Amino acid sequence: MGIENIILTENSLMLNNTMEMIKTSDPDIAINLTGRSNSSFQKLLKLKVIDNSSTYNLNHISTTLDLFDNLEPFINKHTILQSPRPIYFNSNPVNSDLSRSFSINVGIATNEELKTPILNLYYQSSISSIEDLLKIAKQPSQNFLNACAIYRSHGRGFNIWEINYNEQAYFRSGKKNSTLFVGSFSNFEGILYFWNTRALYPMHQCMWIPELFIETDKSILNNWTHYVNVGDNEILDYSEYLDNSVIINSSKYYFDDYISEWEDFFSFQTIFTEDLSLAISHPNEKLFSAKGYNVAIALEIRGLPHFIYPANSNMGNLFITHSDFYPESFSRISKVGLVTYHTQFEPERDYGIEIVINIPTESAQMDSFLEQFTPDLIIKKSEKSIIIERLLELVADSSGLELIRNYKTFNLLVKLTPKRLSRLISELYRNIAEVGKTENIIASIQESLNSLVTLTSDIYATLDRMFEICNVKAEERSLFSSYIELLWQKGILLRGRNFNCPTCNRNIWFLISELNNNLNCYCCKSPVQLPIFSDGRPVSDSFKLNELVAVSIDQGQFTTALVVAFLKRQKYYISRFGFALNVYENGSNAEMTDIDLLVFLGKNLGICEIKSDRIFDYKQAKKLISLSSKLGVRFIVFASLLSDDNNELVKFVEELNSISLNIPVFLLTKEALFDPNPYDLSSLIQIDSHTRNKFISGVFVVSKL
C-alpha cells in the first residue's frame, strides 16, 4: 500500500507511547481490519479510516512498484544511491520455521513480480532469494527496503516543539549499529514491534529471529550491537552471550521527531491568496511517474498560513472538494501542511497535476476544528462572541491593538464608559416602591436588567477634559493627542459637540457630521442653534465612546481585547482566536464550562479565562484544566486587570500550584498586559531543555519572570 506502513492491533494501541508514535509518524490513512466501526478509530487516530468492505477499493490507495519510472534523475544526483545493493526476498514460501522467518524479514515475492521494471526503484541492485537466513544473521545486512532511492531524504532530529522519545539514539543509521529482534511465531505483537520499528528506521540494519534458532546456535548473538527480546519469554536472558550488546526494552517504541522531506520531489510556486480559491500545480518531472501512471498519491502542500493547525482529519475537506466516486479520498491537515488524496491515470501525459484549493473564512476554519471533538464535547459560540468580534474589527490592525495596550488610553476608555451599576440601582429604586409582592419585585429586577442590554454612552469629554482624566503632563500632551486622533479614526471615539438645550436645559450632543443650521433638540424637539461660546468660553469638540465599545467594557469584553493584543505580540507566524465559547458534554444540556478565549499561537492551542476586576474561581479553574487534556491544549492563560501583588491572586496561584500540571499555566496581571515589551511566552511553550522528554509545566506569574 504505502511506502512506509505501520501495523497495529487493538492491544498494541494501548502500548506505552503508541499514540505518540502515530502522531509523530503522521500517517495519511488508516485501514481498519478489526470489525469495529471506522468512526471509533477515526476519532482516536484523527485520520481517514477505511476498511476492506465493498464500500472501499483498497487498490485505490495503492500503486505498484513498477510504476516508479521517474527516479533516475534523482539517483544520478546522489552518489550514495549508485552503489549496487542486494535485495532479498522469499520466492518459495513453505510451511516451515525457516521459510516463515524469511518472510517476516524480507517479504514474499515471486520472480515474476520482481522483473526488470522494479529496478527503476532499486537502482543497480541485485535481486536474490535467501537461501540461508542464519548465514545472513551472522553477517548483518540491510533489509528488503533499504535500497529504495526515495528514502534518501529521510532524516530525524530533535526540536523544542516535540518530545524526544529516542534519547538513546537507537536504530539510527550512520553509526554502524545493528539490531537483532528475538521473538516467537506465536507472539504476533512482537513481530509487529519489529515491523513497525523497521518502518520508522528503514535504513537501519535489523533482523527478526525466532527463539528456537538462538537456542540452536547462540553465536548468532555475537554479531549485533543491539538486542531486543520480543518473544513469549519475557525473562529470557541471553546477556552472557551478547558481548556488550545493548539490550533494548520493547515495552515502548523509540522514535525521534520524524521528518520526511522528499526534497527531490519538491516543487515551489508563488501564489496570491486574496481570492476565495487558488490553483496549485505540481510539474510532471517532479512526480514518481513521468508517463502519467500516478494512480494514487498523497500530495502535501506547505507554506499557506491557512494550514497552520494541529494535525487533524476534520478540516481538510474545507479546502479540497472530493468526488463521491472515490470514497477512499481524503484531505487532512498534517504536521506541516495540507495533504490531499489525488488519483490520476493518464498514460503518456506530459503535464503535471493541478489542484484547486478553497479558502474558507477564519470562522469556518474554527468551527470545523471544534467539530472534531463532537460528540464527546459540543462547543458553541455564545451571544457575547458577536460583541468582541465586532470590537476587534474596529481595531483590526496592530496600531489599534497597541492603543488598547496603552495603559492611559485603556484607562481613559474605561472612565468614559457609563456605570451600569449606578443606572441599575437608580432604575430599581424607582420601580421597587411601586410593586408589592416578592415575585413582582423579581419581575421588576428582570425587566430593569433587560432594559440595560444596550448601553447608551452618554459621557462626553473634550480633549482638555481627557488630559485631566488621565493626568497627562504638559510634555506628554502632543503624543497623547495623537492617540486620541487614532481612537477617533478607528471609530472607538465619536467626535461631536455637546451643549445644553435652551428650552429643556438637557445636555445634548451631535456628531460633527450632523451639525447644520436646522438642529432640533432630540429631547424636547425644539429648534436649537449651535452655540459658539458657553459660560464665556469657546465650545470645543467633545468625544464620547462608540456604544459597542461601551458595552464591551461594561461586559468585560474589552479586557478580552486587551489579552488578544498581548497575544498578538507573541513571536508566532500566525495567531487565531475564538471568543466566548460554551462547552457541553455529550448527552447533557447543562453547560460544562465556558471558554472566554480560545487561541492558536502557531499550532499551539491555548484556552484563556479572563476577568476585569474580579478574582478567579478555583472550581472553574479546575474545570478548565480538566478540559485542556480533552482538547489537546498546550497552555492555559488566566488574565486579570488586578495587580500581581493582590492578596486574592496570590492565594489563587497557591491553589493552582497544588494541582498536578503537565502544561504551562500563565497568570497575566495588569503589569504584564500593559508592559510595552510583552514577555515571550514561546520560551515556555516548548520542551524542557533539561529532560527533553516532557513539556515545560507549572504556574508562571508572567510579570515576575
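Modeller: Before we look at helix pairs, a word on terms: axes are lines fitted to C-alpha atoms, for helices over the stretch in contact, and angles run from 0 to 180 degrees between N-to-C directions. Helices are DSSP runs (H or I, at least four residues), numbered from the N terminus. This is a predicted model, where local features need pLDDT of at least 70 and side-chain atom pairs count only at pLDDT 80 or more, while totals for chains, interfaces and linings use all residues. Residues are numbered from 1 along each chain as its sequence is written, and side-chain values use heavy atoms, leaving out hydrogens and water.

Colleague: Thanks! At what angle do the axes of α10 and α17 cross?

Modeller: Two packed helices are described by the angle between their axes and the distance between the axes. Here, α10 (residues 384-394) and α17 (residues 547-554) have axes that come within 10 Å and cross at roughly 130 degrees. That makes α10 oblique to α17 (under 35 degrees is roughly parallel, over 145 roughly antiparallel, 65 to 115 roughly perpendicular, the rest oblique).

Colleague: Which residues of α10 and α17 make the contact?

Modeller: Ile387, Arg390, Leu391 and Leu394 of α10 touch Leu548, Val549, Val551 and Ser552 of α17, contact meaning heavy atoms within 4.5 Å.

Colleague: And how many disulfides does the structure hold?

Modeller: A disulfide is a covalent bond between the sulfur atoms of two cysteines. The structure holds zero, counting pairs of cysteine sulfur atoms within 2.5 Å. For Cys504, the nearest cysteine sulfur, that of Cys501, is 3.7 Å away.

Colleague: Is Cys608 buried or exposed?

Modeller: Cys608 is buried, with a relative accessible area of 1%, whereas Cys504 is partly exposed at 28% (buried is under 20%, exposed over 50%, partly exposed in between, with a 1.4 Å probe and protein chains only).

Technical notes: Helix = DSSP H or I, 4+ residues; strand = E, 2+ residues; numbered from the N terminus.
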